[in-house]
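Biologist: Before we look at details, could you take me through how to read a fold like this one, beginning with the overall order of elements and then going down to single residues?

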Amino acid sequence: TVVAAVSGTPGTAPAANVGTGTIRKLIEGKGFGFVAPDGGAADVFLHCSDLNVSQELIVGMRVRFEPEVDPTTGKTRARRASIIEMPSAPKVAATPAVRGARTYGREEMLSA
């Protein structure tokens with residue numbers, strides 16, 4: 001589990017509005033994913049360090065966030081996110097990878 005830090009990026013002002021959405025995709029081992037905002041806007045990048053509690057990102061998790069344009073990419077990212085609702089049956093969790101840690105495939109785990 002990654003301990004999230006609530007922080008802003010110096011030199012960038014948070015958006016005045018607050019968005020809500022559902023985490024729809026995670027990049028395993030990297031600690032980030034993408035939120036599908038309510039209302040159908042383009043997906044928003046969310047890093048686990050922008051979550052205001054110590055919690056893994058989970059597909060289906062509903063979150064509230066402050067949208068902010070990243071000055072380097074020009075894309076919207078979620079800042080100061082909080083959990084609105086947990087999914088009833090978590091599917092996938094994203095946590096940062098540990099360097100040097102070996103990952104095992106499903107077949108390897110079942111045959112052990």
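Modeller: Read along the sequence, this predicted model follows the pattern β-β-β-β-β-β-β-α, that is, seven strands and one helix. Of its 112 residues, 29% count as buried, and residues 24 or more positions apart account for 62% of the contacts with a separation of 6 or more.

Biologist: How should I read the two faces of a strand, and which residues of strand E3 lie on the covered face and which on the uncovered one?

Modeller: In a regular strand, side chains alternate between the two faces of the sheet. In strand E3, which spans residues 44-47, Val44 and Leu46 form the covered face, whereas Phe45 and His47 form the uncovered one.

Biologist: In which sense do E2 and E3 pair, parallel or antiparallel?

Modeller: Strand E2, residues 32-37, pairs with E3 in the antiparallel sense over four bridges, and Phe34 stands opposite Phe45 of E3. The hairpin of these two strands has six residues between them, and there Gly39 takes a positive phi near 100°.

Biologist: Is Asp70 buried or exposed, and why?

Modeller: Asp70 lies in the loop between strand E5 (62-69) and strand E6 (76-85), and Asp70 counts as buried because its relative accessibility is 16%, under the cut-off of 20%. Its side chain makes a polar contact with the side chain of Thr72 at 2.4 Å, and, leaving aside neighbours within four places in sequence, Asp70 is in contact with Lys75 and Arg77.

Biologist: What separates the C-alpha atoms of Asp70 and Phe45?

Modeller: The separation is 9.8 Å, with the two residues 25 apart along the chain.

Note on methods
Residues are numbered from 1 along each chain as its sequence is written. This is a predicted model: local features need pLDDT of at least 70, side-chain atom pairs count only at pLDDT 80 or more; totals for chains, interfaces and linings use all residues. Side-chain values use heavy atoms; hydrogens and water are left out. Buried means under 20% relative accessible area, exposed over 50%, partly exposed in between (1.4 Å probe, protein chains only). Two strands pair if DSSP finds at least two bridges between them. Contact means heavy atoms within 4.5 Å. A polar contact is a pair of N or O atoms within 3.5 Å; within protein, one must be able to donate a hydrogen and the other to accept it, and residues adjacent in sequence count only if both atoms are side-chain atoms.
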